[in-house]
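Welcome! Have a look at the sequence and the model first.

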Amino acid sequence: MSPTSPPVGRRERNKQEKLERIMAAAGALFAERGVDDVTTQEIADAADIGTGTLFLYAKTKGELLLLVQNAHYSRALDEGRSAAAAASGAVDGVLALLAPVVACNRTQVDNGRTYLREMIFGDAAEPHHAEALRVVGESEQTLIDLIVTRAGRSEADAAVLARVISSGLLVAMASAPTAETSVDEILAVVRAQVEAILSGVGREERVPGT
C-alpha cells in the first residue's frame with residue numbers, strides 16, 4: 001500500500017481558509033482602487049477577520065501586495081517559459097519569456113510599481129518578500145539557460161548577462177512614463193537592451209541544428 005498523507009488538522013484548515021480570504025479581499029480591493037488607497041482595516045473587514053489576525057499573515061500593505069501578486073508573477077513566469085520554448089533565437093526567446101511578466105506588472109500600473117518597490121527595498125526577512133525574490137531567481141535561471149543554449153555563452157558569462165537583463169527589465173517597467181505606456185512599448189525598450197547586451201544576437205539567429 002502506498003503511504004498516505006495525514007489529514008490536515010482543524011487549526012491548519014482554519015489558517016488556510018483565513019489566508020484565502022485575505023488574499024481574495026486584498027486582491028479585489030487592490031485591483032479596484034490601488035494599494036495606496038486601500039487601508040488594512042478595509043482588507044480585514046472584507047476578509048471578516050480582525051486587524052491583529054491580518055498582521056499575523058502580513059505586517060504591512062506592501063507585504064500584503066506581495067502575498068497577492070507573487071502567485072500572479074509565478075504564473076506569468078510559467079507562461080513565459082512555455083512561450084520561450086516555442087520561440088526561435090536568443091533575443092526572441094528572452095522576449096517571449098519576459099512578455100507575460102511585463103503584462104502582469106502593467107495589469108494595475110500603481111500596484112505594479114509598488115510591487116517592484118517592495119520587492120527591491122522591502123524587508124528581506126519577510127516571507128512574502130523572500131517568495132518574490134525566489135520568482136526573480138527562477139526567471140534569471142531561465143534567462144541563463146536561454147543564453148547558454150541559444151547564444152553560445154558560458155554559464156559564468158550567461159549569469160552576468162541574465163542579471164543585467166533582469167535589472168534592465170525592472171528599470172524599464174518601473175520607469176514607464178505614464179499609465180498609458182503599453183506592454184508593447186515597454187517590450188520594445190527591453191528588446192533594444194537585450195540585443196545590445198547579447199552583442200548583436202538578433203531575431204535572425206536560430207537555435208543550432210534547427
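## Contacts along the chain

Among contacts (heavy atoms within 4.5 Å) between residues at least 6 apart in sequence, 68% join residues at least 24 apart.

This is a predicted model, in which local features need pLDDT of at least 70 and side-chain atom pairs count only at pLDDT 80 or more, while totals for chains, interfaces and linings use all residues. Residues are numbered from 1 along each chain as its sequence is written, and side-chain values use heavy atoms, with hydrogens and water left out.

## Overall build

The protein has 9 helices and 0 strands, where helices (H or I, at least four residues) and strands (E, at least two) are DSSP runs numbered from the N terminus. Its C-alpha trace spans about 60 × 55 × 25 Å along the principal axes.

Of the 210 residues, 42% are buried, meaning under 20% relative accessible area with a 1.4 Å probe, protein chains only. The protein exposes about 11100 Å² (Shrake-Rupley method, 1.4 Å probe), and carbon and sulfur atoms supply 55% of that area.

## Where α4 meets α6

Helix α4 (residues 61-86) packs against helix α6 (residues 109-121) at an angle of about 105°, their axes being 10 Å apart. Axes here are lines fitted to C-alpha atoms over the stretch in contact, and angles run from 0 to 180 degrees between N-to-C directions. That angle makes α4 roughly perpendicular to α6, a label for 65 to 115 degrees.

On the α4 side, the residues in contact are Gly62, Leu65, Leu66, Gln69, Asn70 and Tyr73; they meet Asn111, Gly112, Thr114, Tyr115, Glu118 and Met119 in α6.

Conventions:
Angles under 35 degrees count as roughly parallel, over 145 as roughly antiparallel, 65 to 115 as roughly perpendicular and the rest as oblique. Buried means under 20% relative accessible area, exposed over 50%, partly exposed in between (1.4 Å probe, protein chains only).
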